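Here is a short note for a colleague opening this model for the first time. Please read the points with the structure in view.

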Amino acid sequence: MSGSTLSGKPARRFWGWGYLRDGLTDDELRGVHKLLATLGPAGPALPEPQLADYVLTPSRGKLPESLSALVSSTAYDRITHCYGKGFADVARMWMRHVPHAPDWVAFPRTEADITDVLDWASRSNVAVVPFGGGTSVVGGVEAAVGDGYAATLSLDLEHFNQVLEVDTTSRAALIQAGVLGPDLETKLRPHGLTLRHFPQSFEFSTLGGWIATRAGGHYATQYTHIDDFVESTRMVTPAGVVETRRLPGSGAGPAPDRLIIGSEGTMGVITQAWMRLQSRPTFRASASVAFDDVLTAAACVRALSQSGLQPSNCRLLDAREVAFAGVGDRRSPTLVLGFESADHPLQAWIARALELVADHGGRWDRQAVAESMRPVGEQPAAHRSGAAGDWRNAFIRMPYWRDETTRRGAIFDTFESAITWDRFESFYDGVRRDVESAIERITGHASTLSCRFTHVYPDGPAPYFTFMACGSSSGDIASALARWRDIKLACNEAVVGHGGTSTHHHAVGRDHRNAYEMEVPPLMRQAFAGAKAALDPRGVMNPGVLFDPLGRSVGIRGVLEPGSAGR
């Protein structure tokens, strides 16, 4: 495959993360091989997949002529809509294993098109999987819906990519759900506005996907999730259109938007939303702070989160995380702290924050802090240098590392949660102990977890864990996938068992279903199922994600082998 498409846009990897042009550098490859060496002998590197490597079953069912202009069944479209971008997805692409590719892929251009597709799907018992950027890491967009459906259809919103209206007075915009993150920011920039929601998947994910999965974004405090920016939503369901009223706030009963946000495509297709915007920041201040131990650092972060200062960045990396990501001195727990504003200089905010840091024994470079407070236009990339820059680069490049380790049979994955401050220490120790023990039991090799805080609240942090494990010393990805599944179950059990949430911002999908069912009371899950029954009477919308309308427990990627759907 060439490095660019006919449209002039760079070509993306259909089998992994990102653009073909953005492969690992020689230095990064050496780093990957060094990591792999800690797990034992690595398997041979598989050649990159080609479309011709995949064998697809013929599309099932008969498409009505009225939909033929909207729907594709080409091998490329079906394969590129098979999976998301998590470990299990990439592993199966390396295996050339796509037994449950969608039978059809629809590319609607209007809401009327979506209505026509959903009407046909409901009448014909065809499962519909809404698809934005396809970056799900929890099994949220794959067409493995189990038995009981005549066919499957992936519904891609790529044509719903416009900013329809900008209200500069209220600082909000009406935005279509299929717009990608960079395109959204480009369209808002002429108005001096920004959504300022930057998940790791920002480059390849969509507004509708962020809303459907309750995505976490740029801000470490205050505006942590996309929820905080949603003013109103519009969703097309098999039973009709649901549009909420645009208001800054309301006390009128349970909020309808709260049912739509996080619905993960199980209720309908989000087509557009009014989003709260902000003026683009013109002032910044930042510091990278080293600590002697992680618990002291966590106490400092708690003080910052309860101070009312509301830093935009407040990410704590434990000693294993700084070593893994190559941050700072590679051994000291490090806090990446930042403030930003479109209204006022931030000297007072960073000064008070560093007073709290000093109270907890933190160490920082005063000259670097002073440099960070220069006007944004006078500090090219200054806020991306030092430990903060090291971390940012590692954060962006990590999915490319994961693709390379997966092709050699290693398991490289993450999981996240949230816990109250009073239970953090026992949670941190307990989750690491339980998961590291499980990995050693499952793989026969020791592994260590690294941890960072992605977001913090006055009442607790959101710890995010990363691990690498031996999947197969021979490079057998099928064996690695089976081991991953057992490890993922252990991770789910550990975070919920120690009192945390099953997921803080990666959504439920299929991978967290069993933990979600432990976390959310059964009666409330029945209430959600009742709402789904009203909006999706035939149960065709994304079956198996969040819950299954047929009452089956699909489990974590219960379709690892042909014929195992619904197991």
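1. Start with helix α13 (residues 424-443) and helix α14 (residues 477-497). α13 passes α14 in a right-handed crossing; right-handed is for a near helix turned clockwise from the far one by less than a right angle, left-handed for anticlockwise. The two axes come within 9 Å and cross at roughly 160°. That makes α13 roughly antiparallel to α14, a label for angles over 145 degrees, with under 35 for roughly parallel, 65 to 115 for roughly perpendicular and oblique for the rest. Axes here are lines fitted to C-alpha atoms, for helices over the stretch in contact, and angles run from 0 to 180 degrees between N-to-C directions.

2. A word on the source. This is a predicted model, in which local features need pLDDT of at least 70, side-chain atom pairs count only at pLDDT 80 or more, and totals for chains, interfaces and linings use all residues. Residues are numbered from 1 along each chain as its sequence is written, and side-chain values use heavy atoms, leaving out hydrogens and water. Helices (H or I, at least four residues) and strands (E, at least two) are DSSP runs, numbered from the N terminus.

3. Which residues of α13 meet α14? They are Phe427, Val431, Asp434, Val435, Ala438, Ile439, Ile442 and Thr443. On the α14 side stand Arg483, Asp486, Ile487, Ala490, Cys491, Ala494 and Val495. Contact means heavy atoms within 4.5 Å. By class, the contact of α13 with α14 has 11 nonpolar, one polar and three charged residues. Nonpolar covers Ala, Val, Leu, Ile, Met, Phe, Trp, Tyr, Cys and Pro; charged covers Asp, Glu, Lys and Arg; the others, Gly among them, are polar.

4. α14 also meets helix α3 (residues 87-94). Their axes come within 10 Å and cross at roughly 165°. That makes α3 roughly antiparallel to α14. The crossing of α3 past α14 is left-handed. Phe87, Ala88, Ala91, Arg92 and Trp94 of α3 touch Ile477, Ala480, Leu481 and Trp484 of α14. By class, this contact of α3 with α14 has eight nonpolar, no polar and one charged residues.

5. Now the sheet. Four strands form an open sheet with mixed pairing, in the order β1-β2-β4-β3. β1 (71-72) and β3 (126-131) stand at the edges with a single partner strand each, so one side of each is left without a neighbour in the sheet. Inside the sheet, β2 (residues 104-106) and β4 (residues 151-156) pair in the parallel sense over three bridges. Strands pair if DSSP finds at least two bridges between them. Valine 105 stands opposite serine 154 in β4.

6. Is strand β13 (residues 313-317) buried or exposed? Five of its five residues are buried, so β13 is largely enclosed by the rest of the structure. Buried means under 20% relative accessible area, exposed over 50%, partly exposed in between (1.4 Å probe, protein chains only). Asn313, Arg315 and Leu317 point one way, Cys314 and Leu316 the other. β13 pairs with β14 (residues 334-341) in the antiparallel sense over five bridges. Cysteine 314 stands opposite leucine 337 in β14.

7. Check two loop residues. Most residues other than glycine have a negative phi. Asparagine 125, in the loop between α4 (111-124) and β3, has a positive phi of about 60°. Glutamine 310, in the loop between α8 (294-305) and β13, has a phi near 55°. Asparagine 125 counts as partly exposed at 30% relative accessibility; glutamine 310 counts as partly exposed at 35%.
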